[in-house]
Amino acid sequence: MTKATPDKIGGSTAKSLSVWRTFEGEASSKGTPAKVARTHKKGFGWVVNAVLPLTLTTVTGVAVLLPESLSTNARLSLFAFALAVILWSTTSFNAAFVALAAVILLVLTGGVPQEKLYESLASDVVWLMIGAFILGNAVQQTGLAARFAQLVVSRARTVGSVLWLLTTMIIPLSFFIPSTSGRAAVVIPIFHSIANAANDKRVTKAIAILMPTVILVSTIGTIIAAGSHLVANDLLYQISKQQISFTDWVLYGTPFGIVASYISCWVIMRLFLDKKRLQRPITLPQTKNKPLSKAEWATLMIVAVMVVLWLTESWHKLEIATVTVVGALLLTTPNIGVLKWKDALKAVSWNLIIFVGAALVLGKALIETGAAQWIIDNLFSISGIVNAESRLLILLVLTLISLTSHIYMTSHTARAAALVPAILYLATSLKLNPTAVLFISTVGMDYCLTFPVSSKALLMFQELDGETYKGADLLRLSSVMLLVHLALILIFYYGYWRWLGLEL
């Protein structure tokens, strides 16, 4: 799983988001049994932690040698991919480090030519992400995002209306800020203002859960809202030569994201707040409305043009990545843009860029060597789904697999890299619409509300100064929202998506 690094949030440095600290706790007394135990764990704990991944790796190494129908390159590709999945799921190693190490292993063993590693960084997915990060940083640094957030939330008069307006404010951020943690950083100052004004632990808890929840469930609204969407769409093109355009993704995903966000808000209010608290008046600090600055106007105009070009891609034939890079270049142009070039590059999550590039190599290796097809022919035939004739049964299985994938694979992009090739080859085997299978599975993979470690946005709010929410609160929410998402996917499939061409 990936460990988040300290971020500047709301003018102060956020605490390091240690996944292990979240679950282990800290003892303060020198020489206490707890400290002795921790010292012992520090010395020998790595042996215990290494048993499971080493065992799984050994079993996998033996397993890939058994099938006679697999070529040598297919065996190597399958082992490298399985090794990455094992380390993603059972260790705290950085996801990008694991992906890159698996690719290097594949290159050194001759599984793929070394040129594949370099070519992956030339993918349009990589350039789209670079441009999107610069765009999101411009919206954030100029104060445009904070101005919009304050404008919406300041209209609230009761605690209940605050929650509804927060939901309304967060949803459109996915169109401009491509990172869930980036969107969380934008709204954390708003959280502090509301928490101080409410001065109530239960209200603070509800808002601390609501904000990252809406950030996550509204992610499906646009293709640029998560790197996993771009990886999934690229794999869709490699396997089926089909792609989902920016406009189509908005058409399919935005209604679902909006409905899921407002239902999440309603569920959170019912689970964590009583009627009296919801109706309690609240006065939020008011800021004087200043005219838009030159930087804000420039950013707003460039973003508006970019969105128009994204929506009209089929007319002018400029791909989303090209438009995004051009917009990023304008935002960093001297005397025109709003960011210095070096500052813009610092805003790019190079860790995620490297992860995506390496994940693309692993995915392509599975496809080109025939390993992915072998997985489908064997794994899914054993499960019996390949013989399923009921579209409802297939939809249920795909939805359940994708909805629960965050439990055993915490990295969002890793889930896409690991599951999409197999799911798409399943679609081919069952003669299903690959675009429909891909999009519906992505809706499920975007769900990650069970544990704080499943998303940086969740961790960022849990680790804020003061009491926010506990892991048990998230489990309580997920026990309801998992079923809600399952029902919503079924409702949207039969009542909306299939009529737009997303029929299995």
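Modeller: Happy to! Helix α6 gives the largest share of the lining of the largest cavity, 4 residues. Helices here are DSSP runs (H or I, at least four residues), numbered from the N terminus. Both α6 (124-141) and α11 (227-240) supply at least two residues of that lining. A cavity is a set of points on a 1 Å grid over the protein atoms alone where a 1.4 Å probe fits but cannot get out, and lining residues have an atom within 4 Å of a point. The volume is about 60 Å³, taken as the space filled by probe spheres set on the points, with grid points joined across faces, edges and corners. In total there are 4 cavities of 30 Å³ or more.

Before going on, a word on the basis: this is a predicted model, in which local features need pLDDT of at least 70 and side-chain atom pairs count only at pLDDT 80 or more, while totals for chains, interfaces and linings use all residues. Residues are numbered from 1 along each chain as its sequence is written, and side-chain values use heavy atoms, with hydrogens and water left out.

Next, Arg183, which sits in helix α9 (residues 180-198). Arg183 is buried but has no salt bridge, and Asp446, the nearest side chain of opposite charge, is 8.0 Å away. Buried means under 20% relative accessible area, exposed over 50%, and partly exposed in between (1.4 Å probe, protein chains only); a salt bridge is a side-chain nitrogen of Lys or Arg within 4 Å of a carboxyl oxygen of Asp or Glu. For charge, Lys and Arg count as positive and Asp and Glu as negative, with His and the chain ends not counted. What the Arg183 side chain does reach is backbone oxygen: that of Ala225 at 3.3 Å and that of Ile215 at 3.5 Å.

Salt bridges do turn up elsewhere, 7 of them by this rule. Asp200 and Arg280 form one at 2.9 Å, N to O. Asp200 lies in the loop between α9 and α10 (201-217) and Arg280 in the loop between α13 (275-278) and α14 (294-311), so this pair ties together parts 80 residues apart in sequence. Asp200 is buried at 10% relative accessible area, whereas Arg280 is partly exposed at 30%. Asp274 also pairs with Arg202, their closest N and O atoms being 4.0 Å apart. Because Asp274 is in the loop between α12 (246-272) and α13 and Arg202 in helix α10, that pair ties together parts 72 residues apart in sequence. Asp274 is partly exposed at 29%, and so is Arg202 at 36%. Asp200, Arg202, Asp274, Arg277 and Arg280 are linked in a network of salt bridges.

One last stop is the backbone. Most residues other than glycine have a negative phi. Asn199, in the loop between α9 and α10, has a positive phi near 50° and is exposed at 68% relative accessible area.

How values were computed. On a 1 Å grid over the protein atoms alone, a cavity is a set of points where a 1.4 Å probe fits but cannot get out, and a pocket is an open set with protein on both sides within 12 Å along at least five of seven lines; lining residues have an atom within 4 Å of a point. A polar contact is a pair of N or O atoms within 3.5 Å; within protein, one must be able to donate a hydrogen and the other to accept it, and residues adjacent in sequence count only if both atoms are side-chain atoms.
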